[in-house]
Amino acid sequence: MFYALSWFVVVALLALWSLAAWALNAVAVWTVSNVGALSGAASGAASGAGTIGLPDWLAPWVPPEIAQSVSQMLTGLGPVVDSLLQAAPALAGGVTVATWVVWGIGSALLLLLGAGVHLLIALWRRRGSGGSGPNASPSLAAG
């Protein structure tokens, strides 16, 4: 009975793990595939990166030279972000492969957990029946 219950729990966890992996893979592939459409928005944001100012509470504590150099650095990063967004749809296949690898490792760990629980139940039942029952007399007779 305990064996069936433990394996039922392992199978249920495996089903939940598979469902979670499938859902996260679907969301990740959809996001990576559609992020290229955001390229125009990113280039618009990059052109506006030069106008990014410091929060009012931080402005008195930061020298103007550092604020200006950070603003110029953000302006320089605009084309890099744009090129990454253009290349993102090509990463969708890699996301799927990574999902399958993580799912496989997690599934193997869940099956190992099931085998470990199975072994613990077997050891527990063997210890519990060792001192009482009809099999106790042959161990005394051997001595």
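Trp22 is found in helix 1. The model is predicted: local features need pLDDT of at least 70, side-chain atom pairs count only at pLDDT 80 or more, and totals for chains, interfaces and linings use all residues. Residues are numbered from 1 along each chain as its sequence is written, and side-chain values use heavy atoms, without hydrogens and water.

**Fold**
- The protein chain has five helices and zero strands; these are DSSP runs (helices: H or I, at least four residues; strands: E, at least two), numbered from the N terminus.
- Of its 143 residues, 15% count as buried (under 20% relative accessible area, exposed over 50%, partly exposed in between; 1.4 Å probe, protein chains only).

- Trp22 is exposed, with a relative accessible area of 60%.
- Trp22 is one of the residues making a nonpolar surface patch of about 1100 Å², including also Phe2, Leu113 and Trp124.
- Helix 1 (2–34) and helix 4 (92–128) each give two or more residues to the patch.
- Helix 1 gives the most, with eight residues.
- Patch residues have over 30% relative accessible area and no salt bridge, and nonpolar side chains (Val, Leu, Ile, Met, Phe, Trp, Tyr) are joined within 5 Å, like charges within 9 Å.
- A salt bridge puts a side-chain nitrogen of Lys or Arg within 4 Å of a carboxyl oxygen of Asp or Glu.

**Helix 3**
- The buried residues of helix 3 are Ser71, Gly78 and Leu85.
- A kink of about 30° lies at Leu77, shortly before Pro79; the bend is the angle between axes fitted to the seven residues ending there and the seven starting there.

Conventions: Areas by Shrake-Rupley, 256 points an atom, 1.4 Å probe, with all protein chains shown as cover.
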